[in-house]
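Hi everyone, thanks for making time.

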Amino acid sequence: MGSYPDVKVEVAKLLKTQKGKCAICGLHFQDGDLWEVDHITPRSKKGKNTLRNKQLLHRHCHDVKSRNDGSYEGCA
Ligand SMILES: [Zn+2]
């Protein structure tokens with residue numbers, strides 16, 4: 001309980017794919033940064049729950065994207 005090994009593997013893969021950079025602002029993730037896994041095509045727009053449709057973003061970058069791509073509709 002309370003551990004999500006799949007999520008960690010996913011995050012590790014995304015980090016490697018993105019070379020440790022946020023997909024929005026292009027800055028490297030630093031120790032202590034908050035990050036979130038984003039659906040590139042939002043689930044509310046029939047985006048798939050696959051690694052190919054995911055990217056790792058700073059939490060604040062994710063907030064900006066979500067506000068603009070309709071993510072908040074239907075999954076709030
Ligand atoms: Zn960022």
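Let's start with Cys25, which is partly exposed at 36% relative accessibility; that label covers the range between buried, under 20% relative accessible area, and exposed, over 50%, using a 1.4 Å probe and protein chains only. Cys61, by contrast, is buried, at 7%.

Before I go on: this is a predicted model, where local features need pLDDT of at least 70, side-chain atom pairs count only at pLDDT 80 or more, and totals for chains, interfaces and linings use all residues. Residues are numbered from 1 along each chain as its sequence is written, and side-chain values use heavy atoms, with hydrogens and water left out.

So which atoms hold the zinc ion? They are SG of Cys22, SG of Cys25, ND1 of His58 and SG of Cys61, at 2.0 to 2.4 Å. Donors here are N, O and S atoms within 2.8 Å of the metal (3.2 Å for Na, K and Ca), and water is not among the atoms, so sites may look incomplete. The angles among the 4 donor atoms run from 100 to 122°, making the site tetrahedral, a label that needs four donors with all angles between 85 and 135 degrees. For reference, the ideal tetrahedral angle is 109.5 degrees.

Along the chain, the donor spacing reads C-x2-C-x32-H-x2-C. Cys25 sits in the loop between helix H1 (5-17) and strand E1 (35-39), and Cys61 in helix H2 (residues 59-69), so this pair ties together parts 36 residues apart in sequence. Helices (H or I, at least four residues) and strands (E, at least two) are DSSP runs, numbered from the N terminus.

Methods:
Four donors count as tetrahedral if all angles lie between 85 and 135 degrees; four count as square planar and six as octahedral if opposite donors are over 155 degrees apart and all others between 65 and 115; anything else is irregular.
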